[in-house]
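Trainee: I am new to this structure and would be grateful for a close look at a single part. Please take one chain and describe how it is built.

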Number of protein chains: 6
Amino acid sequence: MRIHVVNPNSNVGMTEQIGKVARQFASPGTVIDLTRCATAPASIEGHADEALCVPPLLDEIHAAELRGADGHVIACFDDPGIGAAREVAAKPVIGICEASVHVALLLSCRFSVVTTLARSVPIIERLVEGYGAGHRCRGVRAVDMPVLALDEDVDATATRLATEIMAARRIEGAEAIILGCAGMSSLCKRLSVETGVPVIDGLSAAVRFAEALAGIGYSTSKLGGYASPLIKTGGFNFTRDCAGRKTVEA
Amino acid sequence: MRIHVVNPNSNVGMTEQIGKVARQFASPGTVIDLTRCATAPASIEGHADEALCVPPLLDEIHAAELRGADGHVIACFDDPGIGAAREVAAKPVIGICEASVHVALLLSCRFSVVTTLARSVPIIERLVEGYGAGHRCRGVRAVDMPVLALDEDVDATATRLATEIMAARRIEGAEAIILGCAGMSSLCKRLSVETGVPVIDGLSAAVRFAEALAGIGYSTSKLGGYASPLIKTGGFNFTRDCAGRKTVEA
Amino acid sequence: MRIHVVNPNSNVGMTEQIGKVARQFASPGTVIDLTRCATAPASIEGHADEALCVPPLLDEIHAAELRGADGHVIACFDDPGIGAAREVAAKPVIGICEASVHVALLLSCRFSVVTTLARSVPIIERLVEGYGAGHRCRGVRAVDMPVLALDEDVDATATRLATEIMAARRIEGAEAIILGCAGMSSLCKRLSVETGVPVIDGLSAAVRFAEALAGIGYSTSKLGGYASPLIKTGGFNFTRDCAGRKTVEA
Amino acid sequence: MRIHVVNPNSNVGMTEQIGKVARQFASPGTVIDLTRCATAPASIEGHADEALCVPPLLDEIHAAELRGADGHVIACFDDPGIGAAREVAAKPVIGICEASVHVALLLSCRFSVVTTLARSVPIIERLVEGYGAGHRCRGVRAVDMPVLALDEDVDATATRLATEIMAARRIEGAEAIILGCAGMSSLCKRLSVETGVPVIDGLSAAVRFAEALAGIGYSTSKLGGYASPLIKTGGFNFTRDCAGRKTVEA
Amino acid sequence: MRIHVVNPNSNVGMTEQIGKVARQFASPGTVIDLTRCATAPASIEGHADEALCVPPLLDEIHAAELRGADGHVIACFDDPGIGAAREVAAKPVIGICEASVHVALLLSCRFSVVTTLARSVPIIERLVEGYGAGHRCRGVRAVDMPVLALDEDVDATATRLATEIMAARRIEGAEAIILGCAGMSSLCKRLSVETGVPVIDGLSAAVRFAEALAGIGYSTSKLGGYASPLIKTGGFNFTRDCAGRKTVEA
Amino acid sequence: MRIHVVNPNSNVGMTEQIGKVARQFASPGTVIDLTRCATAPASIEGHADEALCVPPLLDEIHAAELRGADGHVIACFDDPGIGAAREVAAKPVIGICEASVHVALLLSCRFSVVTTLARSVPIIERLVEGYGAGHRCRGVRAVDMPVLALDEDVDATATRLATEIMAARRIEGAEAIILGCAGMSSLCKRLSVETGVPVIDGLSAAVRFAEALAGIGYSTSKLGGYASPLIKTGGFNFTRDCAGRKTVEA
């Protein structure tokens, strides 16, 4: 089993961290094919960052399928380009927000999300509503830390996250907490232990769900909204040498 | 990894069929602990059947945890007793309807469900709405066959299912089809090939999702709606010998 | 007119209290046929308690119809087994949560619910959403008292309820309050007077609504989701001597 | 018990018919105080008709309370002026659409509505959605007959209604049908017998629900959206002699 | 271009203020045809006030079309009689609540509303939900000032509004604020400057949207819910001399 | 007044057609600043096309603001990149889908959409739901013609569109029709005349709405979800010479 985990941003350190978590939680025998979007923003914080990461992300999806990926994980909590990635991919594509929401629905009646910046709150609210979990999400909270600052002082980060987790538990009655950024994944277990509240990380869940769908043999439906992109001037180019093109760009 | 798959009904043949599919799609190394609810109705077709299967189902959940289960699958598309089972269990509990809905959302923009009897249609519609997928479910169709008649003439069953699948594709624009009964699981691949429409079986998905959650180390949240049942006269009895009690009843 | 009021739990004292309220608010000439579920939990606090009370509850519904009931009231705020009861019954079946929600919608623009334990909050939220009143319910609050403790010190109970009622009024803008437990019914008038907020009790409303539907001559629709249970091994048994069977079990 | 039933239109024949049904289905001992809005349109077919009937309707509500009404029924399926009537009234006010929707929810999983003119379809759809039953209403159909033509040839009317009822059953899977006009109430039983589908009339239900709320002692909440109208130039005038004023106008 | 702006209440001072704002923000060349409902309540605060203003408002709509209006604005935040006005009008009719909600959706992810009296809060919540913006509206707040008191001490009013605006920003995360009363329109710019939060006035927006629709050449659809009122006894009378009739009544 | 209309695709002919319609329906005195995304796909048909057009579109938005644009219109019915564009822009940004939905809500109770390819149907359904109009949209239909084929044989295109419009009217009860592609705008009037159904074009509406918002002086809120993109490696670059960069790329 080969699961492609793509970091939609270009940050090398965060990519490595994502790879570490993905490999830690993957099933034995699963190969994690880790990529980053070299020409994308260094972190994804808002609609424009999201938009700019998608074109290189689609190339990574396609290149990974050429390398034999059985499934894909988009390792950013905004699930950027997930619809487009599903058009480009034959194999299943899992976003970490969508995966974490599914986990939260399976483990609890009501959950909250803790994310980085306030500007991401309405984006996540809209995602969660779109995934049909609006009525079970009690709130989306921000610790007001930029994505790339999360691992500057890990203890301080953990403390701020724990504070918001406890507030979501006490004020909103959350029964579980979703970590709203791929950069928080490595803190998941620690926060769960320290707060006594079940904490959910979308990255590990997405890797396992990708394995699950691929293991059964499912593919993305090509009958409708996720049909392969049409061939046209300026359109997605399935035939180009993805890796080569990116080398040039990077 | 040990996954408990409980057939909420008492039918031996259907239990075996469920076990076969569960073992076929489980990951290598996973042990399927298969049970049935010996005092439950022979098939689950409606609210009363559902209600009658839940007390023995809770005993099976508890007994399986005593035997070391890492996760549970409720192998009936009505997801009977799922909230109660999550109270009784420490480990994750997955219903096959909820699992199949999550798969459909990951693979397609819009899906339909094909089930057995018309009486189950409003039950499934309500479930799908409760899971937040009402806006992406295009319809729930019935082939008007009782659950236990599904495997009397497999080719005839496949033909009737294929007819409804094609209708859902043509009329409702479904991009994927969920099979709305655990008794249809073994036909999933065949129907997908014959109709050209991606067909989703909740049973295999639920087994893999249970593995996924257990593999990461998640438990059911005990902070709120799924807290363990309180000890009281007539309440759920965690200390009794579940297997023994059932032996007597069966 | 004969209205069957079934207490889904097995507690004798609470059953008597329910009977007292039901008789107090029934129309002149209505006979209240009061039953309890002798093998059910002593109180219904969570999904498992609910699940365990339904099988005996269905027997009580059926037995009451054999005794000539014109309608049924399920006297527990979780409306346990209401779908299954509607399958078993020919006559209308009213749950006290659903009835109280209807009353609240008729008397106010926005309401809140005050219930016993925090664990019941997500259950009630889901019920209210399912009844289509999610957008008009401003909150569900718990006094953190077990059901059977409500009448230990009635003045203390009233004080705690009044505190939550006033909070719902002040903070959530509730225009009316629903009492979220059958064990609170006898306090309804007193709380309304003491707080100045209209307080709604589902039990009296359900009795009157059952009279209303029966008085017009309505029956539960048997065309679809509430069709009578199919006859099958382990299925609901319409022909057994309900009362007799229960005597043995009790 | 004294229930005020107000026909929002000015038609004398239809008022009498409404009175007949109301008296037929009221509880023994209930006095029906029947009024019509003498200056309103002859029938309510659309938003403008609705708007024009409300000012005289509010006067009728007020006058009836002065005469001792314990509750009010607005006998038009558009529930015209129901919010304003609840402001003016101290006692409960029931609309026949809202009442019939509540009955349908209590008796069936899914229902459809059959009304008079196509122009009323979006009005009723919006009402039903507002009452929170949009997800359980399968359709609103029109027989394309004006309100006042319904009783010109009762057999022809019954035939056209029966045709739409059967279509709603067959095509939409409706388990019960709501008659979407007060002028159809007298056909309710007949249609139910002839089609085999439970048919619901909101007028009889509203009378019984008004009795129910009044019998328990409930009043309309005055804490918020239904607070009494403020006294102001051109505002609602509680002190005028309602009956006298109307005599002059009629 | 000729836009009819009707103040649904009868207050002369408020009408003039509305006219001033409408003319200030209309496009160059647009003629504002300003009317008031002489027989309506002096201010619209609740359902009954709304109901009483609609009949004269419909006459104003019709009379304005006879004078050549290309579009209509209903200058009260409750959008009173908007459906009926759309039946009576051939030209587009815009309510200031609906217009302001559309503006808020175009400029921000999430908004709040600040209105006058608490009694209007549930009315506005229901309007916003009906316009499909419930999931993006974070709250409706009241300054607890009657409509006609808003301009008694403009500085005090501005201070109270600013306080609520800042609270909505801080507590609810509102990204923009809608002023929930036509009487607040003249404070829009000032409040935006003083609070640093984008403040939206529905009156200016509605005038511009009416110009927009009329400029393109759109009319109200007459195929369904907004078809012209049917001619009947007591129904809307298109042929009467609107101005004459009102003169007599005023 | 200067309104920037950007065609998200790279097709020159379609850009000219969009410019023609925009200029035809703009207010007198409005200057239309017309651009296209030279490196984008030749037409936008699906998620991947959308994703690929957004980066150049953001550059066009920024460049137009540098040239003095008072507002922006994104002239593609998928509203691609609308959130990102609102981050980049100070001035209002209007999508033609969102604008047309607002118009449809102002002119009718219920509408349908007619678009080009079936693959766009779920994309549009999701957009319309996100705009809160799901409950008033009766259907989204496709004529099964690629975007760039629309003007090959204008009469044939008009005939196919008229056929779907009439079907939406007859089958779904649509009271107005939205044209679901910028390439259909020039047919709007003709189709309305030929079918007798009000037909709505989002492009002209968006131009007028952009004028409206800019005319009043509104800007996009920078407090939250549409805050300006953060400056970072690979992030949106406000300081580059947009026009110059594009010249090189084109």
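**A close look at chain A**

Mentor: Among the contacts in chain A (heavy atoms within 4.5 Å) between residues at least 6 apart in sequence, 72% join residues at least 24 apart. This is a predicted model, in which local features need pLDDT of at least 70 and side-chain atom pairs count only at pLDDT 80 or more, while totals for chains, interfaces and linings use all residues. Residues are numbered from 1 along each chain as its sequence is written, chains are lettered from A and ligands numbered from 1 in the order in which they are written, and side-chain values use heavy atoms, leaving out hydrogens and water.

Chain A has nine helices and eight strands, taken as DSSP runs numbered from the N terminus (helices H or I, at least four residues; strands E, at least two). Along the principal axes, the C-alpha atoms of chain A fill a box of roughly 55 × 35 × 35 Å.

Of the 250 residues in chain A, 69% are buried, that is, under 20% relative accessible area with a 1.4 Å probe and protein chains only. The accessible surface of chain A comes to about 7500 Å², computed by the Shrake-Rupley method with a 1.4 Å probe. Carbon and sulfur atoms account for 54% of that surface. Finally, a search of the whole structure finds zero disulfides over all chains, a disulfide being a pair of cysteine sulfur atoms within 2.5 Å.

Terms used. Buried < 20%, exposed > 50% of the residue type's maximum accessible area, 1.4 Å probe, protein only.
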